[in-house]
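Hello,

Here is the structure for your files. My notes follow below it.

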Amino acid sequence: MDNPRTPSFAPFFGMSGIAFAMIFGCIGAAYGTAKSGIGIAGVGTFRPDLIMKSLIPVVMSGILAVYSLVISVLIASDIRPPPGKNYSLFAGFMHMAAGLSVGLSGMAAGYAIGIVGDVGVRAYMQQSRIFVGMVLILIFAEVLGLYGLIVALILNTRAAG
């Protein structure tokens, strides 16, 4: 029987955390892939030999979706409590915060990766020395998504305890 202090709608917030993580994280990954892919297509018409090295922003954007997927799976595994244990409203809010953390930071990182990737690969076509600087800027953009993942993992751990 349900605990009278635990509302039956508490799992809604946990499910919304899954949705927020996947929706926002995949929006960021898709934007980063599309925006940098446009630059790669432009480079490929003039310098096809540079396409493989120019794929770095696309790979980094895809990693953002993996961050969201990891948190979504962890939240989903916590929503179904063992028999006799309730899913609290606190856990629902923590899971929602975890999903928002990884999702919104993934969206911001995807936006940054997309813009830097597009301009960076076009500049790389003109001047090969820009490559190291472009990769460093892309790493700093990717770290924004990683920060969101770390915070989400901490929040998810707190929700279980």
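Helices H1 and H4 are roughly parallel to each other (the term covers angles under 35 degrees). Their axes come within 7 Å and cross at roughly 5 degrees. H1 spans residues 10-46 and H4 spans residues 89-126. By class, their contact has 22 nonpolar, 17 polar and three charged residues.

Before the rest, two notes on the source. This is a predicted model: local features need pLDDT of at least 70, side-chain atom pairs count only at pLDDT 80 or more, and totals for chains, interfaces and linings use all residues. Residues are numbered from 1 along each chain as its sequence is written, and side-chain values use heavy atoms, with hydrogens and water left out.

Now the salt bridges (a side-chain nitrogen of Lys or Arg within 4 Å of a carboxyl oxygen of Asp or Glu). The structure holds three. One joins Asp-118 to Lys-35, at 3.7 Å from N to O. This pair links distant parts of the chain: Asp-118 is in H4, Lys-35 is in H1, and 83 residues separate them.

Asp-118 also bridges to Arg-122, with the closest N and O atoms 2.8 Å apart. Both lie in H4, four residues apart, about one turn of the helix. Shared partners join Lys-35, Asp-118 and Arg-122 into one network.

How exposed are these residues? Asp-118 is buried, at 9% relative accessible area (buried means under 20%, exposed over 50%, partly exposed in between, with a 1.4 Å probe and protein chains only). Lys-35 is partly exposed at 27%. Arg-122 is partly exposed at 36%.

Best regards

Methods. Axes fitted to C-alpha atoms, helices over the stretch in contact; angles between N-to-C directions. Helix = DSSP H or I, 4+ residues; strand = E, 2+ residues; numbered from the N terminus. Parallel < 35°, antiparallel > 145°, perpendicular 65-115°, else oblique. Nonpolar A, V, L, I, M, F, W, Y, C, P; charged D, E, K, R; others polar.
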